[in-house]
Amino acid sequence: MCLEVVYHEEKTELGRQQAPGMCPYCGGKVSAVDIETKWLFCFLPLCFKVKRKYSCSSCDRRLVLYY
């Protein structure tokens with residue numbers, strides 16, 4: 001008997017906005033992007049996750065926020 005797991009991950013960009021602060025590498029503006037991740041198993045949604053990611057608009061580096 002063979003069991004095959006069929007799942008799919010969808011990522012959707014919800015919005016983009018300017019965040020406060022400056023890039024520590026080049027001094028450019030920082031933009032915040034809200035991304036929704038959806039895990040589907042045989043077309044049934046299993047998990048929804050919304051995450052905010054920060055990046056520089058000038059040098060396109062991904063910035064990590066430590067708090």
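Contact here means heavy atoms within 4.5 Å of each other. This is a predicted model, where local features need pLDDT of at least 70, side-chain atom pairs count only at pLDDT 80 or more, and totals for chains, interfaces and linings use all residues. Residues are numbered from 1 along each chain as its sequence is written, and side-chain values use heavy atoms, with hydrogens and water left out.

**View 1. Ser55 and its contacts.** Ser55 sits in strand E3; strands (E, at least two residues) and helices (H or I, at least four) are DSSP runs, numbered from the N terminus. Set aside the neighbours within four places in sequence, and Ser55 touches Lys29, Val30, Ser31, Arg61, Arg62 and Leu63. Is Ser55 buried or exposed? Its relative accessibility is 18%, so Ser55 counts as buried. For these labels, buried means under 20% relative accessible area, exposed means over 50%, and partly exposed is in between (1.4 Å probe, protein chains only).

**View 2. The whole chain, for orientation.** The protein has 4 strands and 0 helices, which read along the sequence as β-β-β-β. Of its 67 residues, 21% are buried. Its accessible surface comes to about 5900 Å², with 56% of that belonging to carbon and sulfur atoms; areas come from the Shrake-Rupley method with a 1.4 Å probe, and for residues only the protein chains shown count as cover. Take the contacts between residues at least 6 apart in sequence: 42% of them join residues at least 24 apart.

View 3. The structure holds 3 salt bridges, each being a side-chain nitrogen of Lys or Arg within 4 Å of a carboxyl oxygen of Asp or Glu. One of them pairs Lys38 with Glu10, at 4.0 Å from N to O. That pair links distant parts of the chain, with Lys38 in strand E2 (residues 29-41) and Glu10 in strand E1, 28 residues apart. Lys38 is partly exposed at 22%, and Glu10 is also partly exposed, at 30%. Arg52 bridges to Asp34, with the closest N and O atoms 2.8 Å apart. Here the link runs from Arg52 in strand E3 to Asp34 in strand E2, 18 residues apart. Arg52 is partly exposed at 41%, whereas Asp34 counts as buried at 18%.

**View 4. The Arg16 and Glu13 pair.** These two side chains meet in a salt bridge, at 3.4 Å from N to O. Arg16 is exposed, at 55%, while Glu13 is partly exposed, at 47%.

**View 5. Tyr7 and a nonpolar patch.** Tyr7, Trp39, Phe41 and Leu46 make a nonpolar surface patch of about 440 Å². Patches are made of residues with over 30% relative accessible area and no salt bridge, joining nonpolar side chains (Val, Leu, Ile, Met, Phe, Trp, Tyr) within 5 Å and like charges within 9 Å. Tyr7 belongs to strand E1 (residues 7-22) and is exposed, at 53%. Neighbours within four places aside, Tyr7 is in contact with Trp39, Leu40 and Phe41.

**View 6. A positive patch.** Lys11, Lys49, Lys51 and Arg62 form a positive surface patch. Lys and Arg count as positive and Asp and Glu as negative, with His and the chain ends not counted; the charge is placed at NZ of Lys, CZ of Arg, CG of Asp or CD of Glu. Lys51 lies in strand E3 (residues 44-56) and is partly exposed, at 46%.
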